[in-house]
Amino acid sequence: MLDKEHKLLEASAELDRQRLDRHRVFLALGSNIGNRLAMIESACSELSHRGITILRTSLLYETQPKYVEDQPSFFNGVCEAETTLSPFQLLDQLKEVEMALGRKKTIENGPRSIDLDILLYDDATIHADRLIIPHPRISERDFVLKPICDLIPYSFPPKRSSMQTYQTQLSALPPSAPPLSPITPLSPSLPPITSLSPTRKTRLMAIFNLTPDSFSSDGLQSPSESSDQPSLDPVTLLPKLHSLVAQQISILDIGGQSTRPHATPVPPHLELARILPAVRFIRSKPEFNNLALSIDTFYSPVAAAAVEAGANIVNDVSAGTLDADMLPTVAKLGCSIVLMHMRGTPQTMAGLTDYSPHGDVVAGVAAELRGRVEAAQAAGIRRWRILLDPGIGFAKTQAQNLEILRRLGELREWDGLKGLPWVVGASRKGFIGRITG
């Protein structure tokens, strides 16, 4: 069924492109010198500035060098794009981008700050001195096939030159050692998440609820009678931060309003008044540079101001559904985002727990989160910047919460979600207290 739906969507999109004289292309992205992530993201931005519209990106994979092995490991990915350029015009633009970003070619297959290649151009086949399409080594390179399969796993090569889909070709390759794993950046000071690495470490996220009614009252004084603006208490906040560092916390999630069931929302200006002083205070202390700061908000202005003040991640409990500007804002910010599954709002979600149209709660969460991933990519967020949260306690019954926790492995392997890292927040949720007494 998924294969059939995928082909119908591709056929419809192809008709639209033909009417607009636009061409669908797949470009390989690679870097193994300097800040590899920044170089690839700069290349994507430069392509967009040149009228090459990036539709979707794959995950980014850290891969060992091939052919010339005495060099650093690579970040490799693929983007799907649209362009009005001819194949040779597109090639010229890619070479100009490489030069603009400082690439200096030394030896064939040697180190490079940025490497851009045309893998596919519509259904065309080209054999020329300067350009061969499809790229001649796709079928032998897992670091190309893996990201292609993030985008078009069930597609066939142009002109059916092979009767095997890209997923089938990838499955036929011998396993790489070590296994390829996507990378998801948290902050410049922390190593990325490697969600499929067999040696990966679970990262810990601590919660700072900067609200007067918080169960932990983290570092805040209650608002005075003359003001609804709570004031930051550094004397209380500082030892809490040192305690978190001692516990090897990687991410500190800062929230300025409650999202518990039936909570009354607060306006963006009050949420900002609560969280911005904390972000600025933490970023003023060098000893906390290795903490990635996550901002728990569904307001795009709050997200923008917090990231500009030093936050690294936006954690949106609505996955962009409560503010239409959130996903485009995060795309412009270029930061990572946690897309959490929720239905409705915190005021209405408790009554939205019927997942029978999907079969069960796991299938429902997977389908609805996949839709939010697609919306995020359509807004310009790179796939390697996305983390997922199943939304424990949000539009779920106690039994459904337990079902999700029990079957989280299935969600990690779900078609369209595989390789994305998951954030699971079950601590202090009401259903745990009801179970444990």
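**View 1. The whole chain and its accessible surface.** The chain exposes about 20100 Å² of surface, and carbon and sulfur atoms supply 54% of that area. Accessible areas come from the Shrake-Rupley method with a 1.4 Å probe, and for residues only the protein chains shown count as cover. Please keep in mind that this is a predicted model, in which local features need pLDDT of at least 70, side-chain atom pairs count only at pLDDT 80 or more, and totals for chains, interfaces and linings use all residues. Residues are numbered from 1 along each chain as its sequence is written, and side-chain values use heavy atoms, with hydrogens and water left out. Of the 437 residues in the chain, 51% are buried; buried means under 20% relative accessible area, exposed over 50%, and partly exposed in between (1.4 Å probe, protein chains only). The secondary structure comprises 13 helices and 14 strands, taken as DSSP runs (helices: H or I, at least four residues; strands: E, at least two) and numbered from the N terminus. Among contacts in the chain with a separation of 6 or more, 68% are between residues 24 or more positions apart, a contact being heavy atoms within 4.5 Å.

**View 2. Helix α3 and its buried face.** Helix α3 covers residues 87–100, and its 14 residues should span 20 Å at 1.5 Å a residue, which agrees with the 20 Å between its end C-alpha atoms. The expected span is 1.5 Å times one less than the number of residues. Buried here are Pro87, Leu90, Leu91, Gln93, Leu94, Val97 and Glu98. Down the axis of α3, these buried residues fall within an arc of 160°, so they line one face of the helix; the arc is that of the directions from the helix axis to the C-beta atoms. An α-helix has 3.6 residues a turn, so residues three or four places apart point the same way. The buried residues of α3 pack against β1 (23–31), α2 (36–49), β4 (74–83), β5 (115–121), β6 (126–127) and β7 (132–133). On the face turned away from the buried side, look for the exposed residues Met99 and Ala100. After α3 comes Gly102, with a positive phi near 90°.

**View 3. Salt bridges.** The structure holds 22 salt bridges, each a side-chain nitrogen of Lys or Arg within 4 Å of a carboxyl oxygen of Asp or Glu. Side chains of opposite charge can pair when their charged atoms come close. Glu80 forms a salt bridge with Arg56, and their closest N and O atoms are 2.7 Å apart. Glu80 lies in strand β4 and Arg56 in strand β2 (residues 53–57), so this pair ties together parts that are 24 residues apart in sequence. Glu80 is buried, at 5% relative accessible area, whereas Arg56 is partly exposed at 27%. In the pair of Arg50 and Glu46, the closest N and O atoms are 3.0 Å apart; Arg50 is partly exposed at 26% relative accessibility, and Glu46 is partly exposed at 23%.

View 4. Glu413 and Lys418 form a salt bridge with their closest N and O atoms 3.3 Å apart. Glu413 is partly exposed, with a relative accessible area of 43%, and Lys418 is partly exposed with 40%. Elsewhere, salt bridges that share partners join Lys95, Glu98, Arg103, Arg112 and Asp115 into one network.

**View 5. Ile251 and its neighbours.** Ile251 sits in strand β10 (residues 251–255) and is buried, with a relative accessible area of 7%. Leaving aside residues up to four places away in sequence, Ile251 touches Leu186, Leu204, Met205, Ala206, Ala292, Ser294 and Ile313. Ile251 and Ile313 are 62 residues apart in sequence, with 9.1 Å between their C-alpha atoms.

**View 6. Ser318 in a loop.** The loop between β12 (313–316) and α9 (326–333) holds Ser318. Ser318 is buried, at 2% relative accessible area. Leaving aside residues up to four places away in sequence, Ser318 touches Phe298, Met340 and Met342.

**View 7. A nonpolar surface patch.** Leu402, Leu405, Val424 and Ile435 form a nonpolar patch on the surface, together giving about 290 Å² of accessible area. Patches are made of residues with over 30% relative accessible area and no salt bridge, with like charges joined within 9 Å and nonpolar side chains (Val, Leu, Ile, Met, Phe, Trp, Tyr) within 5 Å. Ile435 belongs to helix α13 (residues 430–436) and is partly exposed, at 44% relative accessibility.
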